[in-house]
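Hi,

Here's the structure I promised to pass along. Have a look, and then read on for my notes.

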Amino acid sequence: MADHQRLIVGLSGASGIVYGIRMLEAVRDLGIESDLIMTDMAGKMIGIETAWNEDDVIRLASRCHDSFDFTSPLASGGYNSLGMVVIPCSMKTIAGIATGFADNLLLRAADCTLKERRPLVLVPRETPLNTIQLRNMYHLSQAGVTILPAAPGFYHRPEKIDDLVDHIVGKALDIFGIEHHLYRRWNG
Ligand SMILES: Cc1cc2nc3c(=O)[nH]c(=O)nc-3n(C[C@H](O)[C@H](O)[C@H](O)COP(=O)(O)O)c2cc1C
């Protein structure tokens with residue numbers, strides 16, 4: 001694992017904002033620093049989909065960066081980190097990363113993560129998917145991005161929504177080699 005125990009966590013305005021909130025909690029509980037970038041729509045989704053308020057979500061992170069502050073250290077590839085996860089990841093943000101159209105800090109940080117060849121994990125949430133969305137994800141996968149759909153498994157016998165959420169958060173942490181006990185692994 002890299003020396004710098006900090007993860008960039010992007011929250012975008014797809015449904016399933018609870019995945020992003022849980023990611024921030026899990027990273028904090030594992031003693032890893034988080035750099036949060038939240039798009040405007042992600043902020044709105046917190047109010048639409050959960051009982052959380054935005055400030056409390058922000059407080060889960062080690063640092064929160066204004067999503068339009070291009071003078072942020074996260075706008076440079078020189079910012080060392082374990083990599084970046086965007087959870088949940090909207091189709092608009094997928095399109096922005098796939099085309100290099102970095103008109104907010106989340107997109108720019110993803111761009112930098114890619115150019116420095118650090119792990120980039122995107123957790124898309126949309127269904128059904130159109131051809132343009134599938135093509136964007138195909139191109140991202142070819143560029144080395146991990147596409148990890150918000151599609152939890154059921155083989156671990158989930159009993160509550162939290163179990164489903166933890167499965168996806170745990171799968172994302174697996175990509176960074178971060179050890180956790182968020183879900184029970186299948187042992188046959
Ligand atoms: C209630 C609601 C649910 C949404 N769910 C999704 C979704 O699951 N996936 C998605 O790609 N966009 C979804 N959107 C649309 C995005 O919020 C919209 O495309 C926005 O521009 C995304 O911006 P961002 O990626 O900068 O956060 C939803 C919007 C609303 C209001």
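Below is what I found in it, going from the overall fold to a few individual residues.

Some ground rules: this is a predicted model, where local features need pLDDT of at least 70 and side-chain atom pairs count only at pLDDT 80 or more, while totals for chains, interfaces and linings use all residues. Residues are numbered from 1 along each chain as its sequence is written, and side-chain values use heavy atoms, with hydrogens and water left out.

**Overall fold**

The protein has 7 helices and 6 strands (DSSP runs numbered from the N terminus: H or I of at least four residues for helices, E of at least two for strands). Starting at the N terminus, their order is β-α-β-α-α-β-β-α-α-β-α-β-α. The radius of gyration is 15 Å, close to the 16 Å from the globule rule for 188 residues, so the protein is as compact as a globular protein of that length. That radius is taken over C-alpha atoms, and the rule is 2.2 Å times the number of residues to the power 0.38.

Of the 188 residues, 50% are buried (under 20% relative accessible area; exposed is over 50%, partly exposed in between, with a 1.4 Å probe and protein chains only). As for contacts (heavy atoms within 4.5 Å), 75% of those between residues at least 6 apart in sequence join residues at least 24 apart.

**Cores**

A nonpolar core here is a set of buried Ala, Val, Leu, Ile, Met, Phe, Trp, Tyr and Cys residues joined through side-chain atoms within 4.5 Å. The largest one has 34 residues, and Leu 11, Met 23, Val 85 and Ile 87 touch the most other members. Elements that each supply at least two residues include β1 (6-11), β2 (33-38), β4 (83-89) and α7 (161-175). The top contributor is α1, with 7 residues. A separate core of 22 residues has Leu 74, Ala 75, Tyr 79 and Leu 120 among its members.

Beyond its neighbours within four places in sequence, its contacts include Val 9, Leu 11, Met 23, Val 123 and Ile 168. The peptide bond from Ile 87 to Pro 88 is cis, with omega near -5°, and Pro 88 is in strand β4. A cis bond also links Thr 127 to Pro 128, with omega near -10°; Pro 128 sits in the loop between β5 and α6.

**Helix α4**

In α4 (residues 91-99), Met 91, Thr 93, Ile 94, Gly 96 and Ile 97 are buried. The buried residues of this helix pack against β4, α5 (105-115), β5 and α6 (131-142). Gly 100 follows α4 and has a positive phi, near 70°.

**Loops**

His 156 counts as buried because its relative accessibility is 8%, and, leaving out residues up to four places away in sequence, His 156 touches Asp 163, His 167 and Arg 184. Arg 157, by contrast, is exposed at 70% relative accessible area, and its phi is positive, near 55°.

Arg 117, in the loop between α5 and β5, also has a positive phi, near 60°, and is exposed at 75%. Gly 31, in the loop between α1 and β2, is exposed at 63%.

Cheers
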